[in-house]
Amino acid sequence: MIGRLVSSAKGFSFKGLRARNLGTPPPPLGGVLVLTLPLLFSAACGRSEETPASAAPQGLPAGFKLSVYAEGLGRARFMAFGTDGTLYVGTNERNGNVWALVDKNRDGRADETVVFAGGLGAPHSVAWRDGWLYVGESHQVIRLRDTNGDLRADEREVVVPNLPAWGMHFTRTVGFGPDGALYISVGSDCNACEDEPHRATILRANPDGSGLEVFARGLRNAVGFTWHPDTQEMWATDNGRDWLGDDLPPEDLNLVQRGGDYGWPYCYGQRLPDPELGSPARCAKTIPATFEMPAHSAPLGLAFYTGSMFPPEYRGDLFIAFHGSWNRSVPTGYKVVRVRFKNNRPVAMENFVDVWFRSGRAAHRPVDVAVGPDGALYISDDRGGTIFRVTYQK
């Protein structure tokens with residue numbers, strides 16, 4: 001029996017226990033208390049069993065080094081580099097900050113940590129466009145601009161108001177595609193159910209917020225998305241439903257097409273019917289996962305490697321942050337993986353950074369990955385409030 005006590009406008013109850021109340025719980029934001037038995041055990045984070053780490057004993061491949069770029073950032077989430085190399089980081093807090101991190105002397109460690117904007121509603125994600133920093137809050141998309149160069153936002157505009165707010169999956173990821181359009185992912189408000197029209201989707205709009213439309217649907221919680229550097233195709237992670245056991249359903253890496261239906265809540269994986277809601281006839285109309293990953297790994301941010309610091313064979317491969325399981329008997333995830341691409345399609349997965357699980361606990365949970373102007377890989381962490389930096393030296 002699993003209970004949750006939630007004091008929020010869109011809280012949970014014991015009614016409909018099998019559907020709306022059994023998804024991944026939100027973090028304990030202001031006014032919300034979540035109590036679940038799996039959470040009591042999920043503080044201990046586990047090494048994945050599915051793929052042996054092709055890594056040196058320290059948990060990274062030979063020649064790679066992991067260091068701390070910045071600390072003390074709370075629930076640090078998605079990242080974006082400005083044109084001057086400043087790293088901007090969103091947070092997953094009700095009264096949250098967007099941080100600006102400056103490495104003035106270029107020594108691989110932030111010298112200055114500035115609140116670019118504060119008091120925002122779970123400003124989970126950030127993206128740059130035409131001098132504006134777009135921010136995905138839970139209930140809207142805003143854009144911010146610093147007009148005097150002090151690393152603090154002086155102007156603020158609402159771009160997309162009235163998004164489905166808070167609920168089970170309350171983060172909103174923003175990004176700009178090769179077509180110049182603004183894309184917004186909106187997760188479901190339940191574990192497995194027929195949800196609101198704009199939930200479990202990726203939305204598309206003009207940069208000023210006009211022309212909002214559903215780009216793709218049937219994506220339970222596509223927290224991370226990006227575009228292939230050569231083909232310009234959109235790729236997105238998707239978090240599968242809970243409570244079908246340790247190994248079902250697989251997590252998805254999807255090649256996202258305009259107008260595509262990726263199955264949730266009726267199907268998962270390779271058009272397999274959900275035991276509560278699906279049918280073969282319904283699933284036949286959906287797009288199956290392009291690449292499957294271990295269940296309950298919680299893949300979030302992803303980035304194709306486009307830098308020149310790493311060995312040439314890494315170029316064009318995909319890094320994905322596994323946030324980690326919370327309702328699995330043997331925990332998995334809590335690491336960054338490398339997905340090898342061949343002919344512009346994923347073919348294999350291996351561990352890349354697997355260092356955070358030690359003695360039954362993990363002090364850090366990776367959220368996003370970003371390739372810096374210097375070619376290093378930056379990793380955000382919302383448990384320890386840290387930004388890590390991965391470098392390579394022969």
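Mentor: Start with D103, which is found in the loop between β4 (96-102) and β5 (112-120). Bear in mind that the model is predicted. D103 is buried yet has no salt bridge. The nearest side chain of opposite charge belongs to R106 and is 5.3 Å away, whereas a salt bridge would need the nitrogen and the carboxyl oxygen within 4 Å. Leaving aside neighbours within four places in sequence, D103 is in contact with Y69, G108, R109, A110 and D111.

A pair of aromatic rings is described by the distance of the centres and the angle of the planes. For F64 and F310, the centres are 4.9 Å apart and the planes stand at 90°, so this pair is edge-to-face; the cut-off for that label is over 60 degrees. F64 has 7% relative accessibility and F310 has 4%; both count as buried because the cut-off is under 20%.

F310 also pairs with Y314: the ring centres are 5.9 Å apart and the planes are at 80°, so this pair is edge-to-face as well. Y314 is buried, at 6% relative accessibility. These residues belong to one aromatic cluster, formed by F64, Y305, F310, Y314, F319, F352 and Y392.

Next comes strand β21 (residues 318-322), where A321 has its place. A321 is buried, with a relative accessible area of 0%. Not counting residues up to four places away in sequence, A321 touches A298, P299, L300, G301, K335, V336, P366, V367, D368 and V369. For S297, 24 residues from A321 along the chain, the C-alpha atoms of the two are separated by 9.2 Å.

The charged end of R94 sits over the ring of W166, at 4.1 Å from the ring centre. In the other case, the charged end of R143 sits over the ring of W132, 4.7 Å from the centre of that ring.

Methods:
Residues are numbered from 1 along each chain as its sequence is written. This is a predicted model: local features need pLDDT of at least 70, side-chain atom pairs count only at pLDDT 80 or more; totals for chains, interfaces and linings use all residues. Side-chain values use heavy atoms; hydrogens and water are left out. Helices (H or I, at least four residues) and strands (E, at least two) are DSSP runs, numbered from the N terminus. Buried means under 20% relative accessible area, exposed over 50%, partly exposed in between (1.4 Å probe, protein chains only). Lys and Arg count as positive and Asp and Glu as negative; His and the chain ends are not counted. Contact means heavy atoms within 4.5 Å. Rings of Phe, Tyr and Trp (its six-membered ring) pair if their centres lie within 6.5 Å; planes under 30 degrees apart count as stacked, over 60 as edge-to-face and the rest as tilted. A charge sits over a ring if NZ of Lys or CZ of Arg is within 6 Å of the ring centre and within 35 degrees of the ring normal.
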